[in-house]
Amino acid sequence: MLNNIGLPGLLLIALVVLILFGRGKIAQLMGEMGKGITAFKRGVKEEVHELESKVVEEPQTAASDADKDKA
């Protein structure tokens with residue numbers, strides 16, 4: 001069903017949304033969506049950084065455990 005919309009259909013939908021909500025409300029919603037995307041990206045980067053730091057720490061602790069077993 002959505003495959004047959006095309007450019008004129010999308011323009012008509014955008015026009016109806018603009019009439020219903022107004023320019024100010026749409027701008028506000030897009031700003032909030034941008035803040036949400038930014039917060040999501042920041043969270044993903046922090047999680048990747050934490051995982052990378054754990055991966056770097058694990059071989060050091062594994063090597064020290066192996067040294068303790070030998071003693």
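1. A residue is called buried under 20% relative accessible area, exposed over 50%, and partly exposed in between. Because Glu 32 has a relative accessible area of 47%, it falls in the partly exposed class, and these assignments, like everything else in this note, refer to a predicted model.

2. As regards secondary structure, the protein has one helix and zero strands, and the helix, helix 1, is made up of residues 6–70.

3. Which side chains meet in a salt bridge? The pair is Glu 32 and Lys 35, with an N to O distance of 4.0 Å, and the count of salt bridges comes to one. Glu 32 and Lys 35 are separated by about one helical turn, because they lie three residues apart in helix 1. Lys 35 counts as exposed, since its relative accessibility is 58%, whereas Glu 32, at 47%, is partly exposed.

4. A nonpolar surface patch of about 980 Å² deserves a separate remark; it is made by Leu 10, Leu 12, Ile 13, Leu 15, Val 16, Val 17, Leu 18, Ile 19, Leu 20 and Phe 21. One of these residues, Val 17, is found in helix 1. With a relative accessible area of 33%, Val 17 is partly exposed, and it can therefore belong to such a patch, for which over 30% is required.

Conventions:
Residues numbered from 1 in each chain as written. Predicted model: local features only at pLDDT ≥ 70, side-chain atom pairs only at ≥ 80, totals over all residues. Heavy atoms only, no water. Patch = residues over 30% accessible without salt bridge, like charges linked within 9 Å, V, L, I, M, F, W, Y side chains within 5 Å. Areas by Shrake-Rupley, 256 points an atom, 1.4 Å probe, with all protein chains shown as cover. Helix = DSSP H or I, 4+ residues; strand = E, 2+ residues; numbered from the N terminus. Buried < 20%, exposed > 50% of the residue type's maximum accessible area, 1.4 Å probe, protein only.
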